[in-house]
Amino acid sequence: MSVLTLASAPEDATALEAAEAHHARLAGELAGRVKMLLTAVDRDPSAAEKIHAGLVAFCDRSLLPHAAAEEAALYPAAHGMPEARLLIESLIGEHRCLTALVDALRNAPSPAGAAADARALQVLFEEHVAKENGLVLPLLAMTSEVSLAALLADMHHRLAGDTDNTSAQEDQDIEEGQAMREVQIEETGGCGGVCACGGAEETAEPELDVREVPHALRHATVFGALDAVPAGTAMVLVAHHDPLPLLAQIEQRSPGAFSVKYLERGPETWRLRLSHR
């Protein structure tokens with residue numbers, strides 16, 4: 001099904017779609033990191049420490065600067081519209097809540113103590129960007145007196161000035177449609193992985209089931225989860241089809257960093273062990 005994008009200019013329609021895609025990548029990476037933290041707390045406390053630290057670093061590097069840039073470059077234009085003023089003030093309040101949750105994560109005495117705050121952060125951020133995608137961005141795009149493309153360009157300029165823009169470069173590297181590279185895959189023995197026989201060694205590893213993750217967030221969720229996997233450990237990915245395009249993007253994003261072993265090969269469920277070398 002195609003989606004109609006309403007905008008006062010073609011460049012604003014393109015900018016709106018790009019902003020929504022960027023929100024999806026941020027929300028997906030956050031979801032992946034939170035999922036890995038929650039599973040590691042129960043299964044591997046030492047790995048959970050590293051995942052917890054990585055989650056806080058991601059928030060400091062990407063999430064909070066993104067919120068600050070929105071307030072500086074995007075929100076003032078919308079706040080000047082009577083129909084959006086209260087919404088923008090509410091969204092600014094949500095930014096304060098996001099900051100407080102990140103501080104709670106940072107100051108948590110242990111990963112287990114941070115678990116609830118991490119999940120609350122994920123839920124709030126997903127609800128927050130849903131309001132921006134559904135209300136703020138379309139309103140700005142349809143207003144002829146406002147250039148959404150220019151506002152977003154200003155926002156990205158601020159982000160680039162605040163950081164080395166490593167995250168933005170990674171976002172570009174994982175765009176859909178990039179040329180795929182060969183992925184190293186280890187074949188399983190026995191039944192070929194159909195029943196996951198001989199797979200007992202993987203049972204204690206964190207598992208990321210993306211079958212219920214919205215399509216727009218799915219790949220970014222996996223990337224975020226993989227970024228949270230410490231070297232020398234692994235995670236199990238569960239999907240409803242053979243994720244070959246995703247595996248190619250993983251290899252392009254982190255060449256040689258992960259080996260892949262099929263534990264189950266459909267027809268309804270695919271389970272793969274991704275080991276961080």
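Biologist: Does helix 3 pass helix 4 in a left-handed or a right-handed crossing?
Modeller: This is a predicted model, in which local features need pLDDT of at least 70 and side-chain atom pairs count only at pLDDT 80 or more, while totals for chains, interfaces and linings use all residues. Residues are numbered from 1 along each chain as its sequence is written, and side-chain values use heavy atoms, with hydrogens and water left out. Helices are DSSP runs (H or I, at least four residues) numbered from the N terminus. With a crossing called left-handed if the near helix is turned anticlockwise from the far one by less than a right angle, the crossing of helix 3 with helix 4 is left-handed.

Biologist: How far apart are the axes of helix 3 and helix 4?
Modeller: Axes are lines fitted to C-alpha atoms over the stretch in contact, and angles between N-to-C directions run from 0 to 180 degrees. Helix 3 (residues 85-107) and helix 4 (residues 111-142) pack at an angle of about 160°, with an axis separation of 9 Å.

Biologist: How far does the backbone oxygen of Leu139 lie from a polar atom of the side chain of Thr143?
Modeller: The backbone oxygen of Leu139 and a polar atom of the Thr143 side chain are separated by 2.7 Å.

Biologist: How many of the 10 residues of helix 8 are buried?
Modeller: Among the buried residues of helix 8 are Leu246, Gln249 and Arg253. Helix 8 (residues 244-253) is largely enclosed by the rest of the structure, because its buried residues number 7 of the 10.

Technical notes. Helices (H or I, at least four residues) and strands (E, at least two) are DSSP runs, numbered from the N terminus. A polar contact is a pair of N or O atoms within 3.5 Å; within protein, one must be able to donate a hydrogen and the other to accept it, and residues adjacent in sequence count only if both atoms are side-chain atoms. Buried means under 20% relative accessible area, exposed over 50%, partly exposed in between (1.4 Å probe, protein chains only).
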